[in-house]
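Morning, everyone. Please bring up the model on your screens, and I will walk you through the packing.

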Amino acid sequence: MLDKAGEPIMGATIVDKQNRGNGTITDLDGNYSIKVNDNSVLVFSFIGYKNVEYPTSEINGKTVVLEEDALNLDEVVVTGYTSQKKADLTGSVSVVKVDQLKSGSYGSAMKAAQGKVAGMSVSTNGNPNANATIRIRGEGTLNNNDPLYIIDGTPTTRSMAKLASMDIESMQVLKDASSASIYGSRAANGVIIITTRKGKKGTTVDFNASYTMVSKKKPYELMNTEQRGIAQYWVIKNDNPDADPNVVGIGGLYQYQDHQDANGNFVLDNVSWREYLDDAKTMKSADTDW
């Protein structure tokens, strides 16, 4: 295994894609040996280089050449007044990849950006429609600590909760003070630059779906009318032994017959309920078996 300059790569990893437990590394001269099936695919990887894959039918006796991966330094970044390579920037700029925003089922793009940018705090609550609170440069003494949002070159103060992740082409976060030279004092809390998707030649269909199912482990045991009346009786007596459950109960619905034993403890003899719920006798009560 060699790099583009023809130098051997020592310590590179070769793994069977169908069997991740089967792998080896290259020696001082970049040579390796691994036993795999005829239909296997080998994955070649090394830190600082791009991964490559080859079927065993194509790789036998062939020299593998790895290309350097310059840590996305060729990535094009929008800075407000120009687009340039990330390697040429002197300010602190973080790029959020669109695939990262689509990886989860979130109601807004700002929620999807949580944990994707170092130094950017995204806080939300459990409400699916709640706005996400973004903090890039911490809390300030002014009333508004929200960053400045730039959508397709236009500053806006609208809620980002209304912007769908599928509508975003790219997102850059300007975190340092140099952004103030472009956007002025409005950039004191940081800047989030969003470029939305435009029409392109050809047809592309994106589909993303998710569902949640909640079910109980077993049916709940519910009380009928009599059991509800017994529970009400003991609630009243435990709260105040001198209270009359026939008066304190819900609208006098239940009638109780009880007595005290030799130790002065109350004993419930019988519980019944009125035939009609209202005085006009238009609505009968029922002993529902839930």
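First, a definition: a nonpolar core is a set of buried Ala, Val, Leu, Ile, Met, Phe, Trp, Tyr and Cys residues joined through side-chain atoms within 4.5 Å. Buried means under 20% relative accessible area, exposed means over 50%, and partly exposed is in between, with a 1.4 Å probe and protein chains only.

Now the ground rules. This is a predicted model, where local features need pLDDT of at least 70 and side-chain atom pairs count only at pLDDT 80 or more, while totals for chains, interfaces and linings use all residues. Residues are numbered from 1 along each chain as its sequence is written, and side-chain values use heavy atoms, with hydrogens and water left out.

The overview, then. The protein chain has six helices and 17 strands. These are DSSP runs numbered from the N terminus: helices are H or I with at least four residues, strands are E with at least two. Of the 290 residues in the chain, 30% are buried. The accessible surface comes to about 19500 Å², and carbon and sulfur atoms hold 48% of that. Those areas come from the Shrake-Rupley method with a 1.4 Å probe; for residues, only the protein chains shown count as cover. Contact means heavy atoms within 4.5 Å. Among contacts between residues at least 6 apart in sequence, 43% join residues at least 24 apart.

On to the cores. Which residues touch the most other members of the largest nonpolar core? They are Met110, Met120, Ile134, Met171, Ile192 and Ile194, in a core of 17 residues. At least two residues each come from helix H3 (109-112), strand E14 (168-174) and strand E15 (191-196). E14 gives the largest share, three residues. Take Met120: beyond four places in sequence, Met120 touches Ala113, Ile134, Arg135, Ile136, Val173 and Ile192. Apart from this core lies another one, of 13 residues, including Ala12, Ile34, Tyr54 and Val64. As background, nonpolar side chains tend to be buried together in soluble globular proteins.

Stay with H3 for a moment. Ala109 sits in this helix. Ala109 is buried, at 0% relative accessibility. Its C-alpha lies 9.2 Å from that of Ala132, 23 residues apart in sequence.

Next, Phe44, in strand E4. Phe44 is buried too, with a relative accessible area of 0%. Beyond four places in sequence, its contacts include Met1, Thr13, Tyr32, Val52, Tyr54, Val64 and Leu66. Phe44 and Val15 are 29 residues apart along the chain, with 6.9 Å between their C-alpha atoms.

Ser40 is in the loop between strand E3 (19-25) and strand E4 (41-45). Is Ser40 buried or exposed? Buried, with a relative accessible area of 2%. Its side chain makes a polar contact with the side chain of Asp16, at 3.4 Å. A polar contact is a pair of N or O atoms within 3.5 Å; within protein, one must be able to donate a hydrogen and the other to accept it, and residues adjacent in sequence count only if both atoms are side-chain atoms. Beyond four places in sequence, Ser40 is in contact with Asp16, Gln18, Tyr54, Pro55 and Thr56.

Now helix H5, residues 225-239. H5 has 15 residues and reaches 21 Å from first C-alpha to last, close to the 21 Å expected at 1.5 Å a residue. That expected span is 1.5 Å times one less than the number of residues. Its buried residues are Thr225, Gly229, Gln232, Tyr233, Ile236 and Lys237. They cover an arc of only 125 degrees around the axis, so they sit on the same side of H5. The arc is that of the directions from the helix axis to the C-beta atoms.

What do the buried residues of H5 pack against? Helix H6 (245-248), strand E16 (254-260) and strand E17 (266-273). The face turned away from the buried side carries exposed Val235, Asn238 and Asp239. Asn224 caps the N-terminal end: a side-chain oxygen lies 3.3 Å from the backbone nitrogen of Glu226.

Last, two backbone points. Asp152 is not a glycine, yet its phi is positive, near 55 degrees. Asp152 is in the loop between strand E12 (148-151) and strand E13 (154-156), and is partly exposed at 38%. Lys281, also not a glycine, has a positive phi of about 55 degrees. Lys281 lies in the segment after E17 and counts as exposed, at 57% relative accessibility.
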